[in-house]
Amino acid sequence: MSIYLPIAELSVNILIILGMGAAVGFLSGMFGVGGGFLITPLLIFYNIPPVVAVATGANQVVASSISGAITHFRRGTIDIKLGTVLLCGGLAGATVGVWLFSLLRRVGQLDLVISLLYVVLLGSVGSLMLWESVRAMRKAANNQATPLRRPGQHNWVHRLPLKMRFKKSKIYLSVIPVATLGFCIGILTSVMGVGGGFIMVPAMIYLLRIPTNVVVGTSLFQIIFVSAYTVIVQASTNYTVDIVLAFVLMIAGVIGAQYGVRVGQKLRGEQLRALLALLVLAVGIRLAIELVIPPKDVYSVVSAGFGF
Amino acid sequence: MLRLARIVLAVTTFAFTAPAFAQLQDENANDFTEKLEIGISTDEIAITSDFRGADLTIFGAVDGFDPNLLAQGKYNIIVSLEGPKDNATVRKKERVFGIWVNTSSMTFELVPESYSLSSTRDIETIAPPGEMGNMGIGVDHMRLVPLGFVGDGSNLGEFRNAFRRIRETSGVYERDPGGVQFISSSLFKASVRLPANVPNGVHVVRAYLFRDGTFVAAKALPLRVVKTGVEQVITQTAHEQPFFYGLFAVLLAVITGWGASLLFRKD
């Protein structure tokens, strides 16, 4: 059964798109991530023009983050103030990112930069997470406590000026690293079509030492707004948001996510992190291989309408 | 499953009036007696949500032919369906520090985005390559003019070949050296194909008549490929009201996400 995508201007098999959405939704529900880092490469593998994949991926991230954020909001595990500071940085980053996106597209290096960013980020975040979770699993096996956050232990981040009190997180922290983190994630959102949760969550825990209970909710809060902003900016400047593709992905994604959450609840935290780390690493390695092995064809053709 | 929208087009021998292509119809301003007419029943193809490409049948007639030459099979017909033209950039990857990077590129000016060629026999045997090259018939003879500075032009050939090869393997450029058949002494039928990832816009059906290796007459008809219904509304909105389109896309995501969390809420 095929469906015509009006913006991507091609016919695709709706079952494959539904399957992709459901699989990514399942994983995102299971691990509590937006899934943008999976959906964008998958769409590109399926011949969707990268420009459309990135912009549409951001739209799908909005839908999958909303239901997660609502749950966290009900539980009261969102630090709105912290989220807003992140968001300010994020919006600035997304603006720079869209500009960077258009620039890279013009010089023909967008696919390379997207792949390199994915390889570097997924590779490093994946290895760090895997290392940490394996250590945690070992300790759990030896019946030792696993302190994720070590209070009193401060790093250079906590010596920066412009400090602000974040009541819900119970921390006193400079706004500079928070806004910078938001800014960097914002760039990634618009260049790579990812929410950035897979980088933001570890950075908030390990770098900013924000309590784990508010981290996921707060990052989702910021992801919703930055992705929504990216969708609107991409739609306005590049006309590359395919609403039909996005809607099919969303529907499958949110349903898949519900089942993912149920499976996720049966697993322990460190097991989940180890699995997510493996998944992140696998995507990273897959893209790295593509960069290193000789391509099937060293030539590629793009027409002016949908170049990247 | 692979149901193709088959557009059967009427047999017509009367002349079409297409002002934009009038100059092409007058190409045969010489003393040949033969006249070429082609017809299609529609000048518009609609892309619907289940569009999977279309096979197009074009009917035509040769008038004023020489029966002896016809009996000897000296008349040959080539029919092409050319998509809208756009600049196309060919990029070449090279290994830089172990990874494959696009290092050089060449942009060709206004090349058709799709091209389907059908003929009575292999076009290389219809007329000498020089003639085909002059007329730009066939993928191998298509005019590929590089845009901007190309250095000494030594790599022009490799980029042109790469362009042709990629477009052919991806199926947007096709040829069928048997796609044109005479159904009576002067009436012929040609089938050309619109690929599934067909570009929107004005496509041109061109027919060429050759007599014993010499070009005699040509005819061109426009064929508009348009999105209809929802697809058309979406494209139009995306380009004319991009901000509200983006806003609507976000709203749709919010409703979907929210709806799912209400629907699956565990009480």
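1. Two strands are said to pair here if DSSP finds at least two bridges between them, where strands (E, at least two residues) and helices (H or I, at least four) are DSSP runs numbered from the N terminus. On that basis, six strands of chain B form an open sheet of mixed pairing, in the order β3-β13-β12-β5-β8-β9. Because β3 (44-47) and β9 (173-176) of chain B stand at the edges with a single partner strand each, one side of each is left without a neighbour in the sheet. The twist from one strand to the next averages 20°, taking axes as lines fitted to C-alpha atoms and angles from 0 to 180 degrees between N-to-C directions.

2. This is a predicted model, in which local features need pLDDT of at least 70 and side-chain atom pairs count only at pLDDT 80 or more, while totals for chains, interfaces and linings use all residues. Residues are numbered from 1 along each chain as its sequence is written, and chains are lettered from A and ligands numbered from 1 in the order in which they are written.

3. Within the chain B sheet, strand β5 (residues 75-82) runs antiparallel to strand β12 (residues 201-211), and eight bridges join them. B:Tyr75 has B:Arg211, in β12(B), as its bridge partner.

4. Turning to chain A, its secondary structure comes to 10 helices and five strands, and its C-alpha trace spans about 55 × 40 × 40 Å along the principal axes. Of the 308 residues in chain A, 53% are buried, that is, have 20 or more other C-beta atoms, placed from the backbone, within 10 Å of their own.

Key: Buried ≥ 20, exposed ≤ 12 C-beta atoms within 10 Å, placed from the backbone.
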